[in-house]
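Please look over the model shown here. The briefing covers its nonpolar core, a helix pair and a chain interface.

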Amino acid sequence: MDVAAITIIQIINMISMLALMSIGLAVIFGMMRVINLAHGEFLMLGTYAVLVPAKLGVNIWISMFIIAPIFVGLVGVLVERIIVRRLYGRMMDTLLATWGLSLLIIGIMTTIFGNTMEGVSTPFGNFSIGEIAESQYKFFIIGIAAALMAAVFVVLKYTKLGLIARGTMQNANMASALGISPSTVYTATFGIGAALTGFAGAVLAPVIGAAPTLGVAYVAKAFITVIGGGQAILTGTASASGVFGVINQVVTYFSTPVLGEVALLIGAVLLLRVLPQGITGRFFRRGL
Amino acid sequence: MSLFQTRWSGPLMVLVIAALLLTLIPAFAPAYVALQLTLYFSFGILGLSLAWVWGYGGIFSFGQAAFFGLGGYSYAVASINLSGSTVAILIGLAVPTAFAVLLGYFMFYGRLSGVYLAVITLVVTLAIHKFLGHTAGFEYRIGTAHLGGYNGMPALPPINVPGDVSKFLWPEDMYYATGIMLLAVYFGLRWLLTTAFGRRVIAVRENELRAELLGYDTRLYKLATFALGAFIAGLGGILFANWNSFIDPHVFELGFGAQIIIWVVVGGLGTLIGPILGAMLLGFAAVELGTQQTIDPNVILGAILLVFVLIVPQGVVPSVRTVMAWWKQVRANKRALAAAQVR
Amino acid sequence: MAFSRRRFLQASGAGLAIAGFPAIIRSARADDVVKVAAMHDRTGSHGIYGKEMDDAAKFVTEEINAAGGVMGKKIELTAFDTGSNMQNYAQYAQRVATQDKVSVVFGGISSASRETVRPIFDRYKMLYFYSTFYEGGVCDKTVFVNAETPAQMIGPALEYSTGKYNAKKLYTIWADYNYGQICSKWLNGFAKQKGYEIVAAEFFPLDVSDFSSTITKIQQAKPDMVVSGLVGAAHIGFYRQWPAAGMLGKIPLHSTVFGPWEKAALKAEEIEGLVTSFHYFQTVDSPANKAFIEKWHAKFGADYAELGTLAVCTYNSFYLWKAAVEKAGSFEREKVIEALESPVSFDGPGGKVTVHTGSHHSNMAINITEVTGGQFKIIKTVDNVEPSDTSSVCDLIKNPNQATQYIPEG
């Protein structure tokens, strides 16, 4: 019984982590059809945006909720202005350029911080169910993921910003004719996507640590979550995180973490064979 | 004179120059250089496989590294289990090809294209990497071959002359064998592109819908293109595994797969010679970067990729061709002008 | 295209120097020097281990040269950064063997890197020193291992910790590669001998960083002690998640590989009480170590990261080689090997090391520590520990034509 409860918490935690690390990518991909291969590095920058201020004595919550999203968001804006902007409509070239960017960021961070894994200790204590103890931070991650998804939903659905974003997504030319500058929207979208990713990295930092090469381990997972989810930003990310999180954690429990990840990856390939448009290409088609 | 004016004049020149270099280099350069070149030849073959699949088939595959690695691994397993390398080589070619047929069936008959292909081939490569990294346990044996996890499989038996197990190829023989293989693949692809099949593959790349409306089964052509690419990458992998008698999972890493794409982008998409040059020069550069300790190699690789995509998106070889054509035109104009003045 | 093998090799002397520009410490004219190569991963995934080894090679070269060199010849060191990439190892090994023609090679970090270069050094008959703790079993006439094997690294410390905590039921977690797999096998044998019960042996690939399901499994199994053989940057996560789950102090933790590299990434309170052992820790309290550290800090700065056994084993290896060359009165490989086997020994910062004649490994002092207030507090030093896992199966005097790695039964 205790084990079942803990396992369920771990599954929900895994789903939340997948959703957190993918939502920024989903925003960028969903709105702009841009494949950002430097996504993992944005996540990594987010972890450092917690680690470095923490070393200087800055409160961890300030870095997590303020410094990390702003810093990585600004990086995103710069990247859009300098690189991505020149390549709109050239999907493959964007993919290659952001990949070059990813290598560049890894290289620069390695030069500055060295190739070491550093850590921030986990805030909060732990809790017990029966005889088994677990970290309370897991609940924090689950809560943050849920809050973030809700926030994205509210913004997209009820605000003017969300309306503009959805309009541009559906028909950029029409939006432009109505006096909205797609260029500004794209810059803002990329910046927001990057900020969300930086925030996710910051929230995950106490669990995954910070290392220059960290992004590589997460980029593939984030990608298949987004592509497996399909067009709709929110329902896509949520449903794909759900499916892949369950596959990963269940297989991990019965075998090993590696086979869990392999199962996740194979599951993604099978899913795309059955649903080439992703989950939301078939189900929840009216979702956001 | 007339020989040089046919459409084979270019390839013929390449053949003559390549054959000269291949025989002359060991005579004048240190043994080390020939040993290194053997490696870069195998990379050249790998570069060609992506040049074919992406440049002519229009299929952006992250998975050439996976086929390269599968070729190397299946050859390694087979050569440890069997006496003699001939059958092992055939197995090393068959496994990646069969795997590509299976994967390609999934993708092309599922009508996936573009970035979806990129992501699926990437994911499959990473899944194989994960799995092979997991095989350090002693239960992961195929016959007498231990897969060895991250440590890979060291001390593979060398390639031998078909039918005579005792006569095996020395590293310097491997230099010639690998170089000749590279030339064979290069000319094989050039020939293939002149056939009806080659033209149809290009037609599918140019406009899939039109090719389909003309009655060609584009799925089948894409599958064949993909499988041939895997076959070539597998050949490269076998030669790579032989180069230092070892293979390990790093060939399935993101970074290794990235390299191949950089070779093609830098050398020039849609050419065959470009990716070979890209593979050899950048492969060499990557090693030399390791001997300097000031700049992280990733910074340089990343910068190269960014610069090429943003500034020289065509790659080096097509750009050089453009410049040469422009120069020819300028000279022709000048000559015409001079002639007009004389008159 | 007939081209003889001999001419091919002869050609290696002259011609195109296509080589790069590695860090070479030049100190004298060509005939007054002896060429030595070092290969360590300063960058890439093993960079955290490689940096101090590479620096140690440069440090010891300077020290030996300042004291007059080896038999009057200054060492000319070529230090390669192998970037944690096996292909680089293979390429540089071929280069030092066929082009640079060095007298001896020091280096290699992961077992994979050692197994990559070993066949090359066998083929070209190059003397090679490996100075990284590893799973044991290498038995090769041209290779000398001057670093801890499982019998040295795990045996004495585990006897101490199991005694202290009266532990019989051990839950073991390992990095999933040769090192972990072989150590686990070795521990099975050791457990039988000592009467421990191994309740579980779990293996984790090097990139796994989430250990929550394992921590759950451990809590269900209720062992007396957890023995960790986790390695590398991602596995640090375990030492962070263990206290986060409230397990610190509830079940004692013993690590078979835990050096300053791992410690630097963790907070003191996260690892309080962890038992571990190596040949060397910076906290070793001896005049020799004090002098060594002072000199090191004078060269690299006082803010240099805490040194570990890797730097000191590399340092010791150079001196073992120097002692053997001087004993043999020659740089020739066969004579130096004979002198090393005779055997030679060296009193280093961590205590005495002596070449084990039959196995080409080293008998060495082992320091057992408990992490206390973020420091490796030395509990006791066991002198002259034999690499019994390897020395029991490998005898290169009786059977010199070996170039293999033994794997324990069980």
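The points below are grouped by topic.

This is a predicted model: local features need pLDDT of at least 70, side-chain atom pairs count only at pLDDT 80 or more, and totals for chains, interfaces and linings use all residues. Residues are numbered from 1 along each chain as its sequence is written, with chains lettered from A and ligands numbered from 1 in the order in which they are written.

**Nonpolar core**
- The largest nonpolar core has 333 residues (buried Ala, Val, Leu, Ile, Met, Phe, Trp, Tyr and Cys joined through C-beta atoms within 7 Å; buried means 20 or more other C-beta atoms within 10 Å of a residue's own, with C-beta atoms placed from the backbone).
- Helix H2 (residues 31–56) of chain B gives the largest share of this core, 19 residues (helices are DSSP runs of H or I, at least four residues, numbered from the N terminus).
- Val123(B), Val265(B), Leu305(B) and Val105(C) touch the most other members of the core.
- Beyond its neighbours within four places in sequence, Val265(B) contacts Leu96(A), Leu305(B), Phe308(B), Val309(B) and Gly315(B) (contact means C-beta atoms, placed from the backbone, within 7 Å).

**Helix pair in chain A**
- Helix H2 (residues 39–55) of chain A packs against helix H9 (residues 214–229) of chain A, with their axes 7 Å apart.
- Residues making this contact include Met44(A) of H2(A) and Tyr218(A) of H9(A).

**Chains A and B**
- In this pairing, 34 residues of chain B contact 34 residues of chain A.
- Helices H5 (115–133), H10 (254–267) and H12 (297–310) of chain B each give two or more residues to the side that touches chain A.
- H5(B) gives the most to that side, with 12 residues.

Key. Buried ≥ 20, exposed ≤ 12 C-beta atoms within 10 Å, placed from the backbone. Contact = placed C-beta atoms within 7 Å. Axes fitted to C-alpha atoms, helices over the stretch in contact; angles between N-to-C directions.
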